[in-house]
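Please examine the sequence and the model shown below before reading on. The paragraphs that follow lead from the overall layout to the ligand and then to a pocket.

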Amino acid sequence: MQDQLSALLNKARAEFAALRARPEFEAAKARFVGPNGELTALMKQMGAVPKDQRPALGRSINEAKAQLQALFDLTLRAIEDAEIGAQLGPPVDPSLPPPDGGPGTYHPLTLVREEMCRILRKVGFTVADGPEVETEFYCFDALNTPLGHPSREFTDTFYFPDTTRFNNVSRRVEGEKYLLRTHTSSVQIRTMLQQAPPVRIVSPGRTFRRDTTDATHSANFHQLECLYVDRNVTVRDLKALLDYIFASLLGPETKTRFRPHYFGYTEPSFEVDLSAKHLPKVNKEWIEIGGCGMVDPSVYEAVGYEPNAWTGYAFGMGLERLAMMLYGIDDIRYFYQNDLRFLTQFS
Ligand code: DAH
């Protein structure tokens, strides 16, 4: 019987070494220790063994059981490792170069945004941020844009039907609607409510309007807003700053022009045109780029600044249009299609 035991163990070692999957493992295990297994059969023969030989045989059987169990454990570990390996796929070498060629590039809108912020930081502006989901207060009311103003219409602005979902708002009137900000001018209000004058901020960001998409319009676009509040600020300071930033971005040949306009939050207000015919694909003499003006006293009142003590200017402009001029892009939709043939041209 001792011989049968060691033969059984040798057989088990050979069989289990070849196993690769769980079902075969369970079946093999049953062939040895299951109710009809080979070891089970040997144990049943114990009754026929003479009494004096039984203790030694019992020890041998226990020994064989322990060895089989160790074999089961080892085999199961190997099968589990193989299963995990199959889920992970082939090993990855992170030190190899990427398969799709070279490092990534910055999006052209990111390049223009960062360059504008760099230009403005040089003259003392700090980058400020605000949320894309706003309330009517920050986007319109505090900016002296009353109910009934065309830009507040449902046909121009994306309103949220549910008014209870957001908690980014520190100041909100009962019943006021949430919306996707239509301009970055809302960051002016957030900034002034948080800090005392003087203020000198630039705020780039994403903005939204109910526009039908075509070569020059997108419902989702980007703006860059500036606000400067201090003593004795004049229109001349505003014009000088705009001349400086556009000459820095587009080249010293660039000219700016103001046309009188109306915005509720500035008085006087202007639209800003750029002349940059030295740029390769620019063929119009004047291109409208944004709006600006001297901060209206009603805005100071809305944020608790003393209107007679403080003066300032503000402007806002579209980043897409700037990038289109700078890089000679003729369709705004290229910015959002994530086509690598387009994007990799701006490395
Ligand atoms: N918010 C305006 C727009 O989206 C742009 C603008 C005009 C911003 C005048 C200003 C400003 O800060 O003073 O068209």
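The domain bounds used here come from an automatic or database domain assignment. In this predicted model, the chain is divided into domain 1, residues 2-88, and domain 2, residues 109-346. The C-alpha centres of domain 1 and domain 2 lie 77 Å apart.

The next topic is the ligand. Its surroundings consist of 15 residues, and the closest are H183, R209, Q223, E225 and Y265. Sorted by class, this shell has 5 nonpolar, 8 polar and 2 charged residues. Three strands, β5 (220-230), β8 (287-295) and β9 (311-318), each supply at least two residues of the shell.

An N or O atom in the side chain of R209 is 2.8 Å from an oxygen atom of the ligand. On its own, the ligand has 350 Å² of accessible area, and the protein covers 90% of this.

The model also has a second largest pocket, which holds about 250 Å³ of space. Its lining is made up of 15 residues, and L109, T110, R113, R206 and H222 lie nearest its centre. By class, the lining has 5 nonpolar, 6 polar and 4 charged residues. The elements α5 (108-121), β4 (199-208) and β5 each supply at least two residues of this lining.

Key:
Residues numbered from 1 in each chain as written. Predicted model: local features only at pLDDT ≥ 70, side-chain atom pairs only at ≥ 80, totals over all residues. Heavy atoms only, no water. Near = heavy atom within 4 Å. Polar contact = N/O pair within 3.5 Å; in protein donor to acceptor, adjacent residues only side chain to side chain. Areas by Shrake-Rupley, 256 points an atom, 1.4 Å probe, with all protein chains shown as cover. Helix = DSSP H or I, 4+ residues; strand = E, 2+ residues; numbered from the N terminus. Nonpolar A, V, L, I, M, F, W, Y, C, P; charged D, E, K, R; others polar. 1 Å grid on protein atoms, 1.4 Å probe; cavity = no way out; pocket = protein on both sides within 12 Å on 5 of 7 lines; lining within 4 Å. Points joined across faces, edges and corners; volume = space filled by probe spheres on them.
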